[in-house]
Structures are given as C-alpha cells and as structure tokens.
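Morning, everyone. Let me put the model on the screen, and then we will walk through a handful of places in it.

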Amino acid sequence: MADDYLVRIGKLIRDARQHRGWTQSQLAEALGTSQSAVNRIERGNQNISLEMIARIGEALDSEIVSLGYAGPMHLRVVGGRRLSGAIDVKTSKNACVALLCASLLNKGRTVLRRVARIEEVYRLLEVLNSIGVRTRWINDGTDLEIVPPAELDMEAIDAEAAVRTRSIIMFLGPLLHRMDRFRLPYAGGCDLGTRTIEPHMIALRRFGLDVAATEGHYHAVVDRTVRPDRPIVLTERGDTVTENALLAAARHDGVTVIRNASSNYMVQDLCFFLEALGVRVEGIGTTTLTVHGMPVIDADVDYSPSEDPVEAMSLLAAAVVTESELTVRRVPIEFLEIELAVLEEMGLDHDRTPEYFADNGRTRLVDLTVRPSKLEAPIDKIHPMPFPGLNIDNVPFFAAIAASAQGQTLIHDWVYDNRAIYLTDLNRLGGRLQLLDPHRVLVEGPTRWRAAEMMCPPALRPAVVVLLAMMAAEGTSVLRNVYVINRGYEDLAERLNSIGAQIEIFRDI
C-alpha cells in the first residue's frame with residue numbers, strides 16, 4: 001500500500017516536472033539535492049515527507065499536495081454533452097489583481113465589489129495581510145474591504161505567497177512612494193527577475209527607483225531627487241508595465257505623461273479606480289495617458305471592477321466546441337470585438353443585445369447568444385495584438401475553435417516563448433495540431449474529440465482549452481492537478497455544470 005502511494009506521488013511529480021519543461025537535474029538543483037534522488041522519488045523508490053512534497057510543488061509551481069485536503073484537485077469530465085441556458089461573466093481577474101496593488105496608494109478604506117475569488121487574489125491577500133494591511137470579505141463574501149496600516153512591515157512579508165503570484169512586481173509602483181528602501185520576493189526565479197523586469201525599470205527609474213534582482217529578491221532603492229521631467233515612453237506596450245507606471249504616477253506630485261501605454265481592459269479599470277481616488281487621468285482608452293498625481297491619497301472609496309473579457313471568450317469557446325446554444329451575459333464587448341469579427345468570418349451564428357453599462361458606469365456590456373454553427377477556417381492567421389487587437393490571452397481558445405472548423409488555421413502566439421507548445425496537448429484528445437516552431441501551431445479541423453486522462457498544462461489559458469476539449473469529447477476524461485485553472489477562474493467546474501456540463505471535482509491522495 002505504501003509503495004503504491006509513493007508510485008502515485010512520483011508519477012504526479014514527474015508529470016508536473018515534464019510540463020514545466022524541466023529535466024530531473026534542473027529540479028534537483030532547485031531542491032538542493034541530487035538528480036539520482038529526484039529519479040528515485042519519481043520512480044516511487046524513496047520515502048518522501050510532506051515538507052519535501054510541498055517544496056517540490058513550490059519549485060514546479062504545481063499543487064502536488066495541499067495540506068488540509070486529501071491532495072491536489074483533479075477534474076473528471078463526462079463529455080459529449082450540450083450546454084444550454086445562460087451564464088454571467090464574472091469580474092476581471094487581472095483588474096482585481098491590479099486594484100489590490102493599487103489599494104497600497106490609499107491611506108483610506110477601499111471597498112472592491114464582486115472581487116474574483118481565485119487563487120491569484122488569495123495569494124495577494126496573504127501578502128498584503130503579512131505586511132500589515134487589514135482585509136476582510138463583506139456582504140456575504142462578495143465584496144472586499146481593504147484598510148492599510150500607517151506603516152507597512154515589509155520585513156514580515158509572506159515570501160511563499162509572493163513567489164506563487166505573478167503580480168508581486170506591481171507592488172513596485174505604489175511602494176516607491178512609501179519607503180526609501182525595500183525588498184520584494186519575485187516569482188519564477190532569475191528568469192522572471194533580471195530578464196523581464198527591464199521594461200518596468202525603464203519606466204520606474206524616471207521616478208527614482210533603482211532595482212537589483214538578486215538571490216530571489218528585488219532590492220529597491222529610491223532617489224527622491226529624481227522626477228520625470230519629460231514624457232515616459234514605455235519600451236513595451238504591456239499591461240503590467242503600464243499599470244506600474246500608472247501606480248507610480250498616481251502619487252507623483254506633478255503631471256506625468258505615459259506614451260506607448262496599453263489601453264487594455266485591466267488598465268482602463270485601474271484608471272477608473274485612480275479617478276475614484278481623486279487622481280485625474282486623461283486619455284483613458286488611448287496609448288497616451290496624462291496623470292495628474294496627488295502626493296497624498298486619503299479617500300474612502302467604493303469601486304466595482306468590470307467583467308472579464310477573457311472569461312467571456314472562454315465561455316463562448318465552450319459553446320462553440322460543444323456545438324451548443326448558450327447565452328453569455330455581461331460580456332465587455334469593446335474588448336471582444338475583434339474576436340467576434342474573426343468568428344463571424346468563420347461562420348459563427350450569434351446575436352447580441354443592445355449595449356448597457358457595467359457597474360463601474362464606464363465599460364460597455366452586451367449579452368451574447370451563440371448557436372451551433374458550421375465553421376470554416378479563417379483565411380488569415382490568428383495572432384494577437386495590443387488592444388484594440390485580438391487579446392493575447394484569447395489566442396489559445398482559437399486552437400479549440402479552429403479544431404472544430406473545416407480546414408487549416410495558423411495560430412501565431414508571438415508574445416510568449418512556450419505557450420503555443422502547450423496547445424499541442426489537444427492532440428492527446430484527438431486534435432491534429434502541428435507545432436511549426438515555439439510560436440506557431442497549424443490546426444487541422446474538424447476534430448473528432450476523444451476522451452483521455454492527462455496532466456493539466458502549467459499555463460492558465462491552454463489548461464482551460466484542454467478542459468473545453470474534454471467537454472466536447474465523448475466518454476470520460478480526467479484532467480489532473482488543476483491548481484493553475486483555479487488561479488484564474490472562480491468555481492469554473494460548478495458554473496459549467498450549471499449550464500449542462502458534467503464535471504466532477506475529486507482528489508486521489
């Protein structure tokens with residue numbers, strides 16, 4: 001019995017390592033052990049403590065085991081079922097994450113309405129709580145109240161939680177106004193540190209922030225004599241880069257012009273929130289933002305983030321792949337117009353209601369009804385562009401949609417180095433996807449999906465795409481270790497079940 005337990009643990013670790021793209025030697029180095037020890041663990045030939053399992057899970061960013069539960073969460077999917085009825089889109093994950101970071105700007109009480117109850121938010125709340133910020137769920141757990149302390153205790157920061165969130169870098173913008181020196185853990189080791197923070201640093205150096213990324217931390221020093229005396233031109237029109245520049249500009253005593261800014265949905269929500277704090281922002285929705293900063297922000301603010309266009313795209317893709325008629329309500333249409341234009345070209349049968357406003361009073365919403373359609377592959381390739389182009393995070397859903405269409409579709413995911421590789425996991429379910437290079441996938445449709453048991457890809461959107469394909473496949477599939485899905489989606493399995501899916505959550509250890 002014990003041997004069987006160790007073999008199952010070893011298989012989960014091996015699968016998680018392979019999906020991370022690591023060798024046994026790389027995992028051994030991260031754990032401070034030998035390659036032979038990792039080999040014995042994966043073969044089930046070595047006793048292993050819960051502490052070591054937790055360390056391995058942290059290194060691989062995978063929930064190998066969850067203390068207090070029976071083990072990592074899996075999904076058992078009975079596919080081939082049609083969806084029906086209506087489902088509401090929840091608030092934006094990325095907006096909620098940015099607003100949690102932005103709450104550090106405010107000395108007053110912040111209330112955020114209908115906050116996404118997802119793992120990424122929970123990790124950020126753990127970080128905020130550890131440095132002295134008081135947070136509590138109110139109104140039956142739907143809204144979040146945030147009250148900052150007079151002084152933040154950065155020495156007490158929860159490093160484990162910080163490492164598990166991708167969003168900790170957005171603390172840099174608010175914190176540079178609160179202290180002259182501070183240290184932050186960063187996620188993903190040196191690959192995330194010295195290489196990818198440079199666009200953030202180019203913007204934040206203009207506010208006097210200097211950061212050295214060493215030994216798993218950002219070491220930050222602020223020079224108060226440095227001020228942005230000319231427009232800041234972002235070298236990357238990234239969402240988090242723009243948000244960090246906005247967060248820094250919000251408490252700069254003067255006017256900051258940010259050029260080549262992202263105008264994506266989460267950036268607009270952050271701008272609306274800053275305006276609620278009293279910060280004037282001109283050019284919202286464009287690539288040039290002018291921020292009239294306030295050196296002191298002390299306001300009791302109540303704000304409702306808008307709905308998530310990527311979740312809306314997930315639900316539309318679920319309807320398409322399962323050949324269902326489904327109404328998706330509260331869709332932020334201005335952030336899905338290109339996607340819908342492409343789908344119309346492919347032959348999607350759908351209609352939409354007149355537009356109405358989200359609870360923030362600014363974002364335009366519609367209700368969309370999608371019907372079973374005979375889709376043809378698009379003439380042009382599918383590729384992302386900064387807003388108002390096709391959303392980067394919506395590209396993976398077109399892999400499943402293209403697999404349901406007649407003909408060949410070229411998908412060019414040029415932004416991320418390895419995400420396209422994970423789309424080929426659809427081949428385990430009957431897909432015909434050919435990886436041309438790390439960024440391009442050729443998809444052949446239509447597909448006769450088949451059930452399979454497999455490990456969840458470590459990338460959020462490809463993981464959901466695999467789940468959608470399982471919902472379309474006749475028979476019973478198993479998707480193992482779905483922590484990554486829980487990072488970005490709230491109660492996704494239960495909500496899909498409410499419209500006709502049959503998905504069971506289970507744990508086996």
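Where is H439 found? It sits in the loop between β19, residues 432–437, and β20. Keep in mind throughout that this is a predicted model.

Stay with H439 for a moment. Its side chain reaches the backbone oxygen of Y416, at 3.1 Å. Leaving out residues up to four places away in sequence, H439 touches I411, H412, D413, W414, Y416, D417 and A420. So much for the neighbours. H439 and F272 are 167 residues apart along the chain. Their C-alpha atoms are separated by 34 Å.

Next, helix pairs. Two packed helices are described by the angle between their axes and the distance between the axes.

Pair one is α15 with α17. Helix α15 covers residues 395–403, and helix α17 covers residues 460–472. They pack at an angle of about 20°, with their axes 8 Å apart. Angles under 35 degrees count as roughly parallel, and α15 and α17 are therefore roughly parallel to each other. Their crossing is right-handed. Who meets whom? On the α15 side we have P396, F397 and A400. On the α17 side we have R461, P462, V464, V465 and L468. By class, that contact has seven nonpolar residues, no polar ones and one charged one.

Pair two is α11 with α12. Helix α11 runs over residues 239–250, and helix α12 over residues 265–277. The axes come within 9 Å and cross at roughly 10°. These two are therefore roughly parallel to each other as well. α11 passes α12 in a right-handed crossing. From α11, the residues in contact are D239, T242, E243, L246, L247 and A250. They meet M266, V267, L270, C271 and L274 in α12. The class count here is eight nonpolar, one polar and two charged.

How many residues of helix α5 are buried? Ten of the ten, so α5, residues 93–102, is largely enclosed by the rest of the structure. The buried residues include K93 and N94. They also include C96, V97, L99, L100 and C101. What caps the N-terminal end of α5? That is S92. A side-chain oxygen of S92 lies 3.4 Å from the backbone nitrogen of N94.

Is E42 buried or exposed? The cut-off for buried is under 20% relative accessible area. E42 comes in at 9%, so E42 counts as buried. It lies in helix α3, residues 35–43. What does its side chain do? It makes a polar contact with the side chain of R17, at 2.5 Å. Setting aside neighbours within four places in sequence, E42 is in contact with G10, K11, I13, R14, R17, Q24 and L27.

At 19% relative accessibility, R330 counts as buried. Beyond four places in sequence, its contacts include E307, D359 and D367. Also among them are V89, Y356 and R114.

You will find R114 in the loop between β3, residues 110–112, and α6, residues 119–130. With a relative accessible area of 29%, R114 is partly exposed.

D140 also has a positive phi, about 60°, and it is not a glycine either. Its place is the loop between β4, residues 134–138, and β5, residues 143–147. D140 has 82% relative accessibility, so D140 counts as exposed.

Last topic: cis peptide bonds. Which bond is cis, with omega near 15°? The one from F387 to P388. P388 is in the loop between β17, residues 364–371, and α15. That is the α15 from our helix pair with α17. Another cis bond joins G445 and P446, where omega is about 0°. P446 is in the loop between β20, residues 440–445, and β21, residues 453–455.

Terms used. Residues are numbered from 1 along each chain as its sequence is written. This is a predicted model: local features need pLDDT of at least 70, side-chain atom pairs count only at pLDDT 80 or more; totals for chains, interfaces and linings use all residues. Side-chain values use heavy atoms; hydrogens and water are left out. Axes are lines fitted to C-alpha atoms, for helices over the stretch in contact, and angles run from 0 to 180 degrees between N-to-C directions. Helices (H or I, at least four residues) and strands (E, at least two) are DSSP runs, numbered from the N terminus. Angles under 35 degrees count as roughly parallel, over 145 as roughly antiparallel, 65 to 115 as roughly perpendicular and the rest as oblique. A crossing is left-handed if the near helix is turned anticlockwise from the far one by less than a right angle, and right-handed if clockwise. Contact means heavy atoms within 4.5 Å. Ala, Val, Leu, Ile, Met, Phe, Trp, Tyr, Cys and Pro count as nonpolar, Asp, Glu, Lys and Arg as charged, and the others, Gly among them, as polar. Buried means under 20% relative accessible area, exposed over 50%, partly exposed in between (1.4 Å probe, protein chains only). A polar contact is a pair of N or O atoms within 3.5 Å; within protein, one must be able to donate a hydrogen and the other to accept it, and residues adjacent in sequence count only if both atoms are side-chain atoms.
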